[in-house]
Amino acid sequence: MPTLIQIIFAIVIFGMTAACQKDSINTYRVPKEMPSAPGAAQTSEFPAGHPSIGDGNTMGATSMPREISWKVPEGWQEQAPSEMRVGSFLIKGDKGQQVDMSVVPLSGEAGGDLSNINRWRGQISLGPITEADLPGQSQKITPGGRAMLLVDFANQSKRLMAAIYHREGRTWFFKMMGDETTVTAAKPKFMQFLKTIKFNDN
(Lines give C-alpha, C1' and ligand atoms only; values in the text may rest on other atoms or scores of the structure.)
Protein backbone atom coordinates (compact mmCIF):
# COMPACT_ATOMS: atom_id res chain seq x y z
CA MET A 1 0.00 0.00 0.00
CA PRO A 2 1.50 3.38 -1.03
CA THR A 3 2.65 5.64 1.73
CA LEU A 4 1.43 9.21 2.15
CA ILE A 5 4.70 10.55 0.76
CA GLN A 6 4.42 8.37 -2.34
CA ILE A 7 0.86 9.57 -2.93
CA ILE A 8 1.86 13.24 -2.60
CA PHE A 9 4.83 12.70 -4.92
CA ALA A 10 2.59 11.05 -7.55
CA ILE A 11 0.13 13.98 -7.41
CA VAL A 12 2.95 16.51 -7.93
CA ILE A 13 4.39 14.56 -10.88
CA PHE A 14 0.92 14.28 -12.49
CA GLY A 15 0.31 18.00 -12.13
CA MET A 16 3.66 18.95 -13.66
CA THR A 17 3.07 16.62 -16.62
CA ALA A 18 -0.37 18.13 -17.32
CA ALA A 19 1.01 21.64 -17.11
CA CYS A 20 3.78 20.85 -19.59
CA GLN A 21 1.30 19.39 -22.05
CA LYS A 22 -0.97 22.44 -21.72
CA ASP A 23 1.87 24.93 -22.19
CA SER A 24 3.72 23.08 -24.94
CA ILE A 25 5.10 25.32 -27.70
CA ASN A 26 4.03 24.75 -31.29
CA THR A 27 6.47 25.87 -34.00
CA TYR A 28 5.20 27.30 -37.30
CA ARG A 29 7.29 27.99 -40.36
CA VAL A 30 6.67 31.64 -41.38
CA PRO A 31 7.88 32.73 -44.82
CA LYS A 32 10.51 35.45 -44.68
CA GLU A 33 9.16 38.81 -45.78
CA MET A 34 10.40 39.66 -49.24
CA PRO A 35 12.10 43.04 -49.43
CA SER A 36 10.46 45.55 -51.72
CA ALA A 37 12.27 46.39 -54.91
CA PRO A 38 14.53 49.42 -54.64
CA GLY A 39 12.54 52.55 -55.47
CA ALA A 40 9.28 50.63 -55.79
CA ALA A 41 7.36 53.29 -53.93
CA GLN A 42 8.94 56.09 -55.90
CA THR A 43 7.50 57.67 -58.97
CA SER A 44 9.39 59.23 -61.84
CA GLU A 45 8.51 61.75 -64.48
CA PHE A 46 10.81 60.00 -66.91
CA PRO A 47 9.42 57.54 -69.41
CA ALA A 48 10.53 53.94 -68.97
CA GLY A 49 14.15 53.34 -69.87
CA HIS A 50 15.34 56.93 -69.51
CA PRO A 51 19.12 57.38 -69.81
CA SER A 52 21.43 57.90 -66.88
CA ILE A 53 24.92 59.22 -66.46
CA GLY A 54 27.62 57.68 -68.59
CA ASP A 55 31.41 57.88 -68.61
CA GLY A 56 33.82 60.67 -69.41
CA ASN A 57 32.39 63.47 -71.50
CA THR A 58 29.24 61.66 -72.54
CA MET A 59 25.89 61.08 -70.94
CA GLY A 60 23.89 57.94 -71.64
CA ALA A 61 22.21 54.82 -70.33
CA THR A 62 24.37 52.37 -68.40
CA SER A 63 22.00 49.39 -68.11
CA MET A 64 20.78 49.43 -71.73
CA PRO A 65 21.96 50.67 -75.13
CA ARG A 66 22.99 54.28 -74.66
CA GLU A 67 20.24 56.64 -75.80
CA ILE A 68 22.01 59.99 -75.88
CA SER A 69 25.56 61.31 -75.76
CA TRP A 70 27.32 64.63 -76.29
CA LYS A 71 30.59 66.50 -75.97
CA VAL A 72 30.93 68.69 -72.90
CA PRO A 73 32.13 72.20 -73.79
CA GLU A 74 35.37 73.37 -72.24
CA GLY A 75 34.78 75.11 -68.92
CA TRP A 76 31.45 73.43 -68.17
CA GLN A 77 31.55 71.52 -64.92
CA GLU A 78 29.54 68.29 -65.07
CA GLN A 79 27.30 67.70 -62.05
CA ALA A 80 25.59 64.56 -60.78
CA PRO A 81 22.26 63.81 -62.50
CA SER A 82 19.02 63.60 -60.56
CA GLU A 83 15.59 62.03 -60.97
CA MET A 84 14.54 64.87 -63.24
CA ARG A 85 17.84 65.33 -65.07
CA VAL A 86 19.98 63.11 -67.25
CA GLY A 87 22.49 65.90 -67.67
CA SER A 88 23.50 68.74 -65.35
CA PHE A 89 26.27 71.32 -65.70
CA LEU A 90 27.59 74.34 -63.82
CA ILE A 91 28.84 77.25 -65.91
CA LYS A 92 30.81 79.99 -64.18
CA GLY A 93 31.34 83.56 -65.29
CA ASP A 94 34.48 85.67 -65.12
CA LYS A 95 33.53 87.08 -61.72
CA GLY A 96 32.20 83.88 -60.19
CA GLN A 97 28.64 84.23 -61.51
CA GLN A 98 26.86 80.90 -61.93
CA VAL A 99 24.60 79.42 -64.58
CA ASP A 100 22.78 76.09 -64.32
CA MET A 101 22.44 74.01 -67.47
CA SER A 102 20.16 70.96 -67.51
CA VAL A 103 19.02 68.18 -69.84
CA VAL A 104 15.58 66.76 -69.04
CA PRO A 105 13.56 64.24 -71.10
CA LEU A 106 9.85 63.82 -70.40
CA SER A 107 7.29 61.55 -72.01
CA GLY A 108 4.86 62.74 -74.65
CA GLU A 109 4.31 66.46 -75.10
CA ALA A 110 5.19 67.12 -71.43
CA GLY A 111 2.30 69.54 -71.04
CA GLY A 112 2.98 71.44 -74.24
CA ASP A 113 5.66 73.93 -75.27
CA LEU A 114 3.75 77.03 -74.23
CA SER A 115 3.02 75.84 -70.69
CA ASN A 116 6.68 74.93 -70.15
CA ILE A 117 7.88 78.22 -71.60
CA ASN A 118 5.54 80.17 -69.32
CA ARG A 119 6.70 78.12 -66.32
CA TRP A 120 10.29 79.04 -67.18
CA ARG A 121 9.39 82.70 -67.58
CA GLY A 122 7.91 82.60 -64.09
CA GLN A 123 11.23 81.29 -62.79
CA ILE A 124 12.86 84.60 -63.76
CA SER A 125 9.89 86.75 -62.72
CA LEU A 126 8.47 87.35 -66.20
CA GLY A 127 4.78 87.18 -67.06
CA PRO A 128 3.23 84.56 -69.32
CA ILE A 129 2.87 84.84 -73.06
CA THR A 130 0.07 83.59 -75.29
CA GLU A 131 0.07 81.11 -78.17
CA ALA A 132 -0.13 84.08 -80.53
CA ASP A 133 3.01 85.56 -78.92
CA LEU A 134 5.02 82.38 -79.27
CA PRO A 135 6.28 82.79 -82.88
CA GLY A 136 7.70 86.21 -82.01
CA GLN A 137 9.18 84.96 -78.72
CA SER A 138 10.92 81.87 -80.10
CA GLN A 139 13.18 80.76 -82.92
CA LYS A 140 13.27 77.57 -84.96
CA ILE A 141 16.77 76.11 -85.13
CA THR A 142 18.28 72.93 -86.61
CA PRO A 143 21.50 72.07 -84.75
CA GLY A 144 22.88 68.80 -86.10
CA GLY A 145 19.95 68.70 -88.52
CA ARG A 146 17.35 68.38 -85.73
CA ALA A 147 14.38 70.76 -85.62
CA MET A 148 14.26 72.48 -82.22
CA LEU A 149 12.49 75.46 -80.74
CA LEU A 150 14.79 77.99 -79.05
CA VAL A 151 13.60 80.54 -76.49
CA ASP A 152 15.67 83.28 -74.90
CA PHE A 153 14.30 85.50 -72.12
CA ALA A 154 15.92 87.94 -69.72
CA ASN A 155 15.05 90.31 -66.92
CA GLN A 156 17.38 92.85 -65.34
CA SER A 157 19.69 90.25 -63.78
CA LYS A 158 18.80 86.76 -65.04
CA ARG A 159 18.58 85.11 -68.43
CA LEU A 160 16.99 81.84 -69.51
CA MET A 161 17.83 80.08 -72.76
CA ALA A 162 16.30 76.76 -73.72
CA ALA A 163 15.92 74.42 -76.67
CA ILE A 164 12.95 72.07 -76.97
CA TYR A 165 13.24 68.93 -79.07
CA HIS A 166 10.42 66.46 -79.76
CA ARG A 167 11.59 62.96 -80.63
CA GLU A 168 9.85 59.58 -80.77
CA GLY A 169 7.27 60.17 -78.06
CA ARG A 170 9.52 62.24 -75.80
CA THR A 171 10.24 65.90 -75.30
CA TRP A 172 13.83 66.87 -74.53
CA PHE A 173 14.59 70.13 -72.74
CA PHE A 174 18.06 71.70 -72.84
CA LYS A 175 18.00 74.74 -70.58
CA MET A 176 20.46 77.33 -69.26
CA MET A 177 19.41 79.72 -66.51
CA GLY A 178 21.27 82.13 -64.29
CA ASP A 179 23.32 85.32 -64.41
CA GLU A 180 22.33 87.34 -67.50
CA THR A 181 25.83 88.16 -68.77
CA THR A 182 27.11 84.61 -68.17
CA VAL A 183 24.23 82.99 -70.08
CA THR A 184 24.80 85.44 -72.94
CA ALA A 185 28.51 84.61 -73.03
CA ALA A 186 27.76 80.87 -72.91
CA LYS A 187 25.35 80.93 -75.87
CA PRO A 188 27.94 79.95 -78.55
CA LYS A 189 29.02 76.90 -76.52
CA PHE A 190 25.38 76.06 -75.82
CA MET A 191 24.61 76.05 -79.54
CA GLN A 192 27.69 73.95 -80.22
CA PHE A 193 26.64 71.54 -77.47
CA LEU A 194 23.31 71.02 -79.22
CA LYS A 195 25.14 70.16 -82.45
CA THR A 196 27.16 67.43 -80.74
CA ILE A 197 24.13 65.55 -79.43
CA LYS A 198 23.82 62.00 -80.73
CA PHE A 199 21.10 59.41 -80.21
CA ASN A 200 21.68 55.69 -80.40
CA ASP A 201 20.02 55.36 -83.81
CA ASN A 202 22.17 58.06 -85.45
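## Notebook: cores, buried polar residues and aromatic pairs

Entry 1. I began with Trp120, which counts as buried at 3% relative accessibility; buried means under 20% relative accessible area, exposed over 50% and partly exposed in between, with a 1.4 Å probe and protein chains only. I note that this is a predicted model, in which local features need pLDDT of at least 70, side-chain atom pairs count only at pLDDT 80 or more, and totals for chains, interfaces and linings use all residues. Residues are numbered from 1 along each chain as its sequence is written, and side-chain values use heavy atoms, with hydrogens and water left out.

I then looked up Phe173, which counts as buried at 5% relative accessibility. The ring centres of Trp120 and Phe173 are 5.6 Å apart and their planes stand at 90 degrees, so I recorded the pair as edge-to-face. For pairing, the rings of Phe, Tyr and Trp (its six-membered ring) must have centres within 6.5 Å; planes under 30 degrees apart count as stacked, over 60 as edge-to-face and the rest as tilted. Trp120 belongs to helix H2 (residues 113-123) and Phe173 to strand S8, so the pair ties together parts that are 53 residues apart in sequence. Helices (H or I, at least four residues) and strands (E, at least two) are DSSP runs, numbered from the N terminus.

Entry 2. Which residues of H2 are buried? I found Asp113, Leu114, Asn116, Ile117, Asn118, Trp120 and Arg121. The buried residues of H2 pack against S6, S7 and S8.

Next I checked backbone angles. Most residues other than glycine have a negative phi. Ala110, however, has a phi near 55 degrees, a positive value; this residue is in the loop between S4 and H2. Just after H2, Ser125 takes a positive phi of about 60 degrees. Ser125 is in the loop between H2 and strand S5 (138-141) and counts as exposed, at 66% relative accessibility.

**Entry 3. The nonpolar cores.** I took a nonpolar core to be a set of buried Ala, Val, Leu, Ile, Met, Phe, Trp, Tyr and Cys residues joined through side-chain atoms within 4.5 Å. The largest core has 26 residues, of which Met101, Phe174, Met176, Phe190, Phe193 and Leu194 touch the most other members. Two or more residues each come from strands S3 (87-92), S4 (98-107), S6 (148-154), S7 (158-167) and S8 (170-179), and from helix H3 (180-196). H3 gives the most to this core, with five residues. Another core lies apart from it, with 15 residues, including Val104, Trp120, Ala162 and Ile164.

I listed the contacts (heavy atoms within 4.5 Å) of Met101. Leaving aside neighbours within four places in sequence, Met101 is in contact with residues that include Trp76, Phe89, Phe174, Lys175, Met176, Phe190 and Phe193.

Entry 4. Lys175 lies in strand S8.

The side chain of Lys175 does make a polar contact with the side chain of Gln123, at 3.0 Å. A polar contact is a pair of N or O atoms within 3.5 Å; within protein, one must be able to donate a hydrogen and the other to accept it, and residues adjacent in sequence count only if both atoms are side-chain atoms.

Gly178 is also in strand S8 and is buried, with a relative accessible area of 12%. Its C-alpha atom is separated by 6.8 Å from that of Leu160, 18 residues apart along the chain.

**Entry 5. Glu67.** Glu67 sits in the loop between helix H1 (4-22) and strand S1 (68-69). Its relative accessible area is 12%, so Glu67 is buried. Its side chain makes a polar contact with that of Arg170, at 2.9 Å.

**Entry 6. Other aromatic rings.** How many aromatic pairs does the structure hold? I counted nine. Trp70 and Phe89 form an edge-to-face pair, 6.2 Å centre to centre with 65 degrees between the planes. Trp70 is buried at 2% relative accessible area, and Phe89 counts as buried at 1%.
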